[in-house]
Amino acid sequence: MPQDAVLVIGASGQIGSELTLELRKHYTTVVAADLKNPIPEVADSGPFLRLDVLNRSGLADCISRYRINQIYHLAAILSATGEKNPELAWRVNMKGLRNVLDCSLQMNVQKLFWPSTIAVFGPNSPKQRTPQWTVMEPNTIYGISKLAGERWCDYYFQKKNLDVRSLRYPGLISYKAPGGGGTTDYAIDIFFEAVRHRRFTCFLKADTRLPMMYMPDAIRATLLLMEAPADRITVRSSYNIAAIDFTPAEIAEAIRKHIADFVIDYQPDFRQQIAESWPESIDDSVARRDWGWMPSYNLEALTTDMLAHIAA
Ligand code: NAD
Ligand code: VAH
C-alpha cells in the first residue's frame, strides 16, 4: 500500500463520504476533515478532524501534523444553496480553494484534486454534447465561482508547477450521504421517496434533461485521473466527464419498472431556471482519449442498484 498521507476536505458530504472510504482501501493514512460530523463508516475507519477550510492556519497545521502529500478538496457551497447565499458561496468556493492551493504549494503537497462541475457552462453554451472548450458564461454564483476556480487551478499548474487535477462532475446520484443543496438533488430524493412513500413531487419540470452519473463511476473517474501519469494530463483546468442524461419523467419511468404504483408530480421552483442554464449532455472525448475514461452505469443499472440499497 502506498505510504502517502491523504487529506479529504469536505469528507462528510455526498462525495466525500464515499471517496474517503474508497481512498482508505488504497492509502495507509486518509484524514477526513469537515465542519460537520462524518457518516459512521467514515468516523469508524480512520482519523476525522473538524476543519474550516477558510481557516488557513488550521489547514496548515493539519497538513504538517499528518505530513499530508495528497489533498482532495471537496468543500463547497452548491448551486441551489449558493443562489440563496451568494456571499457565502463566493467565500467558501474561492477563498477555500485559494487557501488549499497556497498551502499545497508552500508545504510541498504533491498532488491536489479539486472538483469542478458542468455548472461552469451557461445558457449560451451548446446544449447537446457540450464540448471541452466552448462558450462558458455561467449565470449562477456556483458556476461563476467554479469557472474562476478552474482558471486558478490552471494558473497554479502553469506558473507554479503544482500538480492539480480536476473533473467537471455532472449531477451525482448516491445513497450513502444526502445531496448537499444542489439542483440535481431531485434525482437522489426521488429514490428515497419512491421506496418510502411511492410518490414524489419534483422541483423540476418533467422534460428537464441534465447530465448525470452514478457515484461508483464518479469515484472510479476520480481515482483514474489521480493515478494517471502526469504527462497524460493535457487539461489542467478541468476535464468534462459524462455517463448518462435523463429527464425527471424518464427516471420516474425507470423506477416504475420496479415500483409499479410509483407516482410523480411536478412543482417547479427557482431551481428550474438554474437547470435550464446548464447543458443537457456532455462530450467527454478528451478525458476518454487522455486517461481512458469510460462510464459503466446506465439509467437501468443505476436504478436497480439504488433501489436495492435503499430498500435494504
Ligand atoms: P456536499 O455539500 O454534500 O459536501 C460538501 C461538504 O463540505 C459538506 O460536508 C460541508 O459540511 C463541507 N463544507 C462546507 N463548507 C466548509 C468549510 N468552510 N470548511 C470545511 N468543510 C466545509 O457536496 P458534494 O456533493 O459532496 O460536492 C463535493 C464537491 O463536488 C463540491 O466541490 C461540488 O461543487 C462538487 N460537485 C458535486 C456534484 C454533485 O452532484 N454532488 C456535481 C458536480 C460537482
Ligand atoms: C448541483 N449537484 O446541482 C451539483 C452539481 C452538476 C450539478 O454541480 O449544484
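Domain 1 and domain 2 of this predicted model bury about 3,800 Å² between them, with 60% of that area on carbon and sulfur atoms. Buried area here is the accessible area, found with a 1.4 Å probe, that two parts lose on being put together, summed over both. Q14, K127 and Y214 supply 22% of the area that domain 1 buries against domain 2, more than any other three residues.

Some notes on the model come next. It is predicted, so local features need pLDDT of at least 70 and side-chain atom pairs count only at pLDDT 80 or more, while totals for chains, interfaces and linings use all residues. Residues are numbered from 1 along each chain as its sequence is written, chains are lettered from A and ligands numbered from 1 in the order in which they are written, and side-chain values use heavy atoms, leaving out hydrogens and water.

## The two domains

The domain assignment gives domain 1 as 5-170 + 214-240 and domain 2 as 172-212 + 244-311. Such bounds come from an automatic or database domain assignment. The centres of domain 1 and domain 2, taken over C-alpha atoms, are 22 Å apart. Across the boundary, 47 residues of domain 1 are in contact with 42 residues of domain 2, where contact means heavy atoms within 4.5 Å.

Two salt bridges are counted between domain 1 and domain 2. A salt bridge is a side-chain nitrogen of Lys or Arg within 4 Å of a carboxyl oxygen of Asp or Glu. R129 forms a salt bridge with D283, and the closest N and O atoms are 3.3 Å apart.

There are also 27 residue pairs in polar contact between domain 1 and domain 2, both residues being at pLDDT 80 or more. A polar contact is a pair of N or O atoms within 3.5 Å; within protein, one must be able to donate a hydrogen and the other to accept it, and residues adjacent in sequence count only if both atoms are side-chain atoms.

On the side of domain 1 that touches domain 2, the elements giving two or more residues are α1 (14-26), α4 (79-84), β8 (167-169), α8 (215-227) and β12 (239-240). Helix α8 gives the largest share, eight residues. Helices (H or I, at least four residues) and strands (E, at least two) are DSSP runs, numbered from the N terminus. By type, the residues on this side are 25 nonpolar, 13 polar and nine charged. Ala, Val, Leu, Ile, Met, Phe, Trp, Tyr, Cys and Pro count as nonpolar, Asp, Glu, Lys and Arg as charged, and the others, Gly among them, as polar.

Is S166 buried or exposed? S166 counts as buried because its relative accessibility is 2%. Buried means under 20% relative accessible area, exposed over 50%, and partly exposed in between (1.4 Å probe, protein chains only). S166 is found in the loop between β7 (164-165) and β8. Leaving aside residues up to four places away in sequence, S166 touches F113, W114, P115, S116, L225, S237, S238 and Y239.

T208 lies in the loop between β10 (199-202) and β11 (210-214). With a relative accessible area of 6%, T208 is buried too. Residues up to four places away in sequence not counted, T208 touches F246, T247, P248, Q272 and A275.

| Side chain | Partner | Distance |
|---|---|---|
| S166 | S238, side chain | 2.7 Å |
| T208 | Q272, side chain | 3.1 Å |
| R256 | E253, side chain | 2.7 Å |

In helix α7 (residues 186-197), Y186, A187, I188, I190, F191, F192 and A194 are buried. Just after α7, R198 takes a positive phi of about 60°. The C-alpha atoms of R198 and R256 are separated by 9.6 Å, although the two residues are 58 residues apart along the chain.

R256 is found in helix α9 (residues 248-256). Its relative accessibility is 26%, so R256 counts as partly exposed. R256 touches F262 and I264, not counting residues up to four places away in sequence.

R129, the salt-bridge partner of D283, is in the loop between β6 (116-117) and α6 (141-160). R129 is not a glycine, yet its phi is positive, at about 45°. R129 counts as exposed because its relative accessibility is 51%.

N161 is in the loop between α6 and β7. Phi of N161 is near 65°, again a positive value in a residue other than glycine. N161 is exposed, with a relative accessible area of 63%.
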